[in-house]
Amino acid sequence: MLRRILYWSAHYLLIALYVLFALFPLFWLIKVALTPNDLLYSEGIRLWPSRIGLEHFRFVLTNSEFPLFFRNSVIVSCSTALIVSLLSSVCGYGLSRFNFRGKPLLLALMLITQMFPLVMLVAPMFRLLAPLGLTNTLTGLVIVYCAFNAPFATFLMQSFFDAIPKELEEAAMVDGATRFGAFRRIVLPLTLPGIAATAGFVFTAAWSELLFALMLNSSSRASTFPVGLLSFVSKFSVDFGQMMAAGVLALIPACLFFLLIQRYLVRGLTAGAVKG
Amino acid sequence: MSAIEISHLSKRYGTTPVLDDVNLSVAAGEFIVLVGPSGCGKSTLLRMIAGLEVVSAGQIRIGGTLVNDLPPKARDIAMVFQSYALYPHMSVAENMAYSLRLRHISRQRIETAINAAAEKLGLGALLGRKPRALSGGQRQRVAMGRAIVRKPKAFLFDEPLSNLDARLREHMRAEIKKLHRELGATLIYVTHDQIEAMTLADRIVAMHAGRVQQIGSPLELYDRPANLFVAGFIGSPAMNMFPALFSRRDGRATLVHAGFALALEHDPGLAEGMPLTVGIRPEHIVLGTGRLQGVVDLLEPTGLGTIAHLQLAGTAVKAFCLERLPLAISTSLKMDLPAQRLHLFDAEGARVAQQHE
């Protein structure tokens, strides 16, 4: 009995430690964002300030360009997530269900695109986009993000489609559906968790991307929030309070997005389809 | 007119032949069972009829219409899959309604059809459930229900019972037979289980290595197997087989085995010294009387009877007898292989016709 209690205590203690470790930076972010400026440097390192205030948030929302960056980030990330999810669903289905000439080559090419460090591609990308007038635009960013995320998302979606038994579509086709009908009515609803996971992955990737957002844009008109965060770093000082407040605000859309898709993420939808 | 007509049908995957020159004509209302070991092409044949596999050569006609290039939805068939393939996100009722909804049938008529099918299969209480909340046997019923809600030209069953336990399988086997009688529909059924084939079929199509070996009624295949494959595949325990040479001794046709000789009643007119394979079913071996001497190796009582493993002049044979003979292991006993019960096959494995047939 005692051994059991000890075992479970150790079990939960380890989990608690892990969660603490993972969430601590987040806690620090919120703590600094809530600490008034006069206490930020005078109180030393404390787990919680003696007084909290929302002045940093107020400043970021009213006196900076952050609302614009926010809007830009939401547009870019949502568009990227939407386009990539659509493309990767269709492509992943094709790769999962059909054999066609050049399929191995196509897969190899898609894999190769994932092998380059992004830094290598910044200059060529800029040269490509500049003559097309796509630098300093959100469209340009969306295109670049889609190009980078589509191959991996396609692989991801392919594995989700592979997990859905072929017989389900065949049954639907014998029942009287076309192949596209079977895809839309039978396969797609069952792949929703996969699509949600893919969309979540792509959204986060686009939401937090800094390198291209910084290099392809020079005006604040088309800047996203990671670029905006950098503006709190000046030559002589870093405005930690406002930076952290902006960071907290940037978490909100990401949280909302995951809240939206989480019910699909956890569902084991194919249970009971075929003999298990 | 036959419901389904298959002529010179072949299937290749790349250069690998899977089906070779299959010919079959299924009468309306007939219960056909395709039987054979795994990999014999029986499921491929069924899937080709359903339109799920492309035809490499030959023709498939359903109700007189050439369907080679028609998609499954245009063939008006219903299929029950081995894995059941129920739509997991739909309830039992929605699963059954799906094919009718695709045909734009009115809500009211769909409901009537579902209720009728549910009553036939005892699914009434389960209509609102999702497939994951059903047992294996219930899922199997739903899969059948999904097929019978409409009136298709033919039903295709792809090993529908192989995922059920033995008792349930026996029960569902009878249900399927009853269902077929009630619906009067054309039905093609794939199985690797020869008992299922024997008990269900109007006609059996025995397949091996992509070729049709024999088509006939269950008893035809049992009593007069066309070749060694069918002889060995149909029947359990399996037919005994041993090699022998054909000879005429004292003017009488005789089968000469290394340890014994069997005289035939009629001369099948074979060449002297021709090598043959001789087959005899276990239940046709006579124990207790006869000219031959066997030694008991092993006894398997089944309750219904006894399967006796015997050594007969160096050849292992199995005999099945209904009487409870006082047999003991390692004792020798008299036995006989009645001449009119012997099956003869030539070197190619084809049946040699005998006069008493």
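What percentage of the 357 residues of chain B count as buried? The figure is 40%. Keep in mind throughout that this is a predicted model.

**Chain B at a glance**

Chain B carries 8 helices and 19 strands. Its C-alpha trace spans about 80 × 45 × 35 Å along the principal axes. If you take the contacts in chain B with a separation of 6 or more, 66% of them link residues 24 or more positions apart.

**Two strand neighbourhoods in chain B**

Let's start with strand 11 of chain B, which covers residues 240-249. Strand 11 of chain B pairs with strand 14 of chain B (residues 275-280) in the antiparallel sense, and B:Asn240 sits opposite B:Ile280 there. Strand 11 of chain B also runs antiparallel to strand 12 of chain B, residues 252-256. In that pairing, B:Arg249 has B:Arg252 in strand 12 of chain B as its bridge partner. Strands 11 and 12 of chain B make a hairpin with 2 residues between them. Have a look at B:Asp250 in the turn, where phi is positive, at about 50 degrees.

Further along comes an open sheet of 4 strands in chain B, ordered 17-16-15-18 and paired antiparallel. Its edges are strand 17 (315-321) and strand 18 (332-336) of chain B, each of which pairs on one side only. From one strand to the next, the twist averages 50 degrees. Strand 16 of chain B (residues 306-312) runs antiparallel to strand 17 of chain B, with B:Gln311 bridged to B:Ala316 in strand 17.

Here are the bridge counts for these pairings:

| Strand pair (chain B) | Sense | Bridges |
|---|---|---|
| Strand 11 and strand 14 | antiparallel | 6 bridges |
| Strand 11 and strand 12 | antiparallel | 5 bridges |
| Strand 16 and strand 17 | antiparallel | 7 bridges |

As a reminder, strands of a sheet pair through backbone hydrogen bonds, either parallel or antiparallel.

**A closer look at B:Leu333**

Why does B:Leu333 count as buried? Because B:Leu333 has 20 C-beta neighbours inside 10 Å, and 20 or more is what the buried class requires. Leaving out residues up to four places away in sequence, B:Leu333 touches B:Leu287, B:Gly288, B:Gly294, B:Val296 and B:Leu327. B:Val295 lies 38 residues from B:Leu333 in sequence, yet the C-alpha to C-alpha distance is 6.3 Å.

**Nonpolar cores**

The largest nonpolar core holds 139 residues. The residues with the most contacts inside this core are B:Ile32, B:Val33, B:Leu34, B:Ala154, B:Leu156 and B:Ile188. Even so, the element that gives the most to this core is helix 7 of chain A (residues 138-162), with 12 residues.

Not counting residues up to four places away in sequence, B:Ala154 touches B:Ala3, B:Ile4, B:Ile62, B:Ile77, B:Ala185, B:Thr186, B:Leu187 and B:Ile188. Another core, of 13 residues, lies apart from the largest one, and its members include A:Ala33, A:Leu34, A:Phe66 and A:Phe70.

**Chain A and its two domains**

Chain A splits into domain 1 (1-53) and domain 2 (65-265). Taken over C-alpha atoms, the centres of these two domains of chain A are 32 Å apart. Their contact draws 7 residues from domain 1 of chain A and 6 residues from domain 2 of chain A. On the domain 1 side, helix 1 (2-34) and helix 2 (37-40) of chain A each give two or more residues. The largest share of that side, 4 residues, comes from helix 1 of chain A. By class, the domain 1 side has 5 nonpolar residues, 2 polar and no charged.

**Where the chains meet**

How values were computed
Residues numbered from 1 in each chain as written. Chains lettered and ligands numbered in written order. Predicted model: local features only at pLDDT ≥ 70, side-chain atom pairs only at ≥ 80, totals over all residues. Core = buried A, V, L, I, M, F, W, Y, C linked by C-beta atoms within 7 Å. Buried ≥ 20, exposed ≤ 12 C-beta atoms within 10 Å, placed from the backbone. Contact = placed C-beta atoms within 7 Å. Pairing = 2+ DSSP bridges. Domains from an automatic or database assignment. Nonpolar A, V, L, I, M, F, W, Y, C, P; charged D, E, K, R; others polar. Axes fitted to C-alpha atoms, helices over the stretch in contact; angles between N-to-C directions.
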